[in-house]
Amino acid sequence: MKQKYEKIFQEFTFPSGVEVKNRIMVAPMTNYSSEESGEISERELAYYKERTGGVGTFITACAYVSKDGKGFPGQFSIDDDKFLPGLKKLAQTIQSNGTKAIIQIYHGGRQSPPQLLPDQQPVSASAIAAEREGAAVPREMTEEEINNTILAFGEATRRAIEAGFDGVEIHGANTYLLQQFFSPHSNRRDDKWGGSLENRMKFPLAIVDSVKKAVEEHAKAPFVVGYRISPEEGSNPGIQLEDTLQFVDKLADQGLDYLHVSVNHFWNGSFREKDKTESRIINIHEKIGDRVTVVGVGSLHTPDEVVEALETGVPFIALGRELLMEPKWMEKVQAGEEDQIRKTLSRHAQEELVIPDPLWDRLMNVKGWLPVED
């Protein structure tokens, strides 16, 4: 390995006490490959297995915490103890080569397709549809449903602990339910869960509290709690960077192990306020990085690009597309074979890359997300 890449391979201990062997995480990526019942599939396990070993930490695709929060076909569930055997297999598969296993827990809110829900009715903070063509109008959640969802995140955490995972990542990004409560577009409530910026923080903070209580009650070993956040959204009115800076200030005081900033490009500034050109990840790290570990992500393809990002002081980088195209990205860097890292996805490489059919079909048909070659 070249000396300039040593920063990538530095060990790290999270505040919870969980130790990881390097600074790379696999970013959570939907794979559409679970059974329709919500069970983990064998094809899914093979996909995860192929990408373990080199990376220090693997964040799974999101698992729904309740049936009214399922967001994708072929998504796996963590909403019932009957799923524990499959969840245990998933944790063990990721950990088998020394990689830490973190499961992302989530609720889709108004982004859940009606046809995937028991009553065909998405729910959200308010009865406001997303700004996209054909978006369903959600039903505003009742106080009881809000409290039940908070409890569901705690129960999902208990199951993650019992299944043997090393941690959970609370999915508060990408316009799903937690972000919907924080957003002034999707949250028009006039009770304690809406209105002011402070009130719009209450639901996601209550989720964090529920998760932490579950860890305190059930974890017998160090257990990671992370939170994923999107710093802005395109809706009007929508989340602005200043809103997020106030929110992360609160999150930094919650005893989290890390804050994962979800953006398309590590170096990009605000897309809402063009005069704010500094990287949003660096902006967040400068504000709260002394209190909580920040994870950066976004269009960092080569080890040189990853090192450049780490040199800003942001301590972790999550890679997504890179590990789809090149499951052995870390191993090749460590072996001094970085020039052999795949930078395109061959249409003939599905079997070699161990990518399940549902995910492969998506990759072949979504233009621009991955560079595909014949």
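**A tour that starts at a proline**

Select P237 to begin: this residue sits in the loop between β9 (224–229) and α7 (241–251). Helices here are DSSP runs of H or I with at least four residues, strands are runs of E with at least two, and both are numbered from the N terminus. Before moving on, note that this is a predicted model, where local features need pLDDT of at least 70, side-chain atom pairs count only at pLDDT 80 or more, and totals for chains, interfaces and linings use all residues. Residues are numbered from 1 along each chain as its sequence is written, and side-chain values use heavy atoms, with hydrogens and water left out.

The peptide bond joining N236 and P237 is cis, with omega about -5 degrees.

Next, pick out the strands β3-β4-β5-β8-β9-β10-β11-β12: they form a closed barrel of eight strands with parallel pairing. Two strands pair if DSSP finds at least two bridges between them. On average, neighbouring strands of this sheet are turned by 30 degrees against each other, direction ignored; the axes are lines fitted to C-alpha atoms, for helices over the stretch in contact, and angles run from 0 to 180 degrees between N-to-C directions.

Zoom in on β4 (residues 57–64) and β5 (residues 100–106), which pair in the parallel sense over six bridges. Click F58 and you'll find its bridge partner in β5, A101.

Two loop residues come next. N174 is in the loop between β8 (167–172) and α4 (177–182), and has a positive phi of about 55 degrees although it isn't a glycine. S299, in the loop between β11 (293–297) and α9 (303–310), isn't a glycine either and has a positive phi near 55 degrees.
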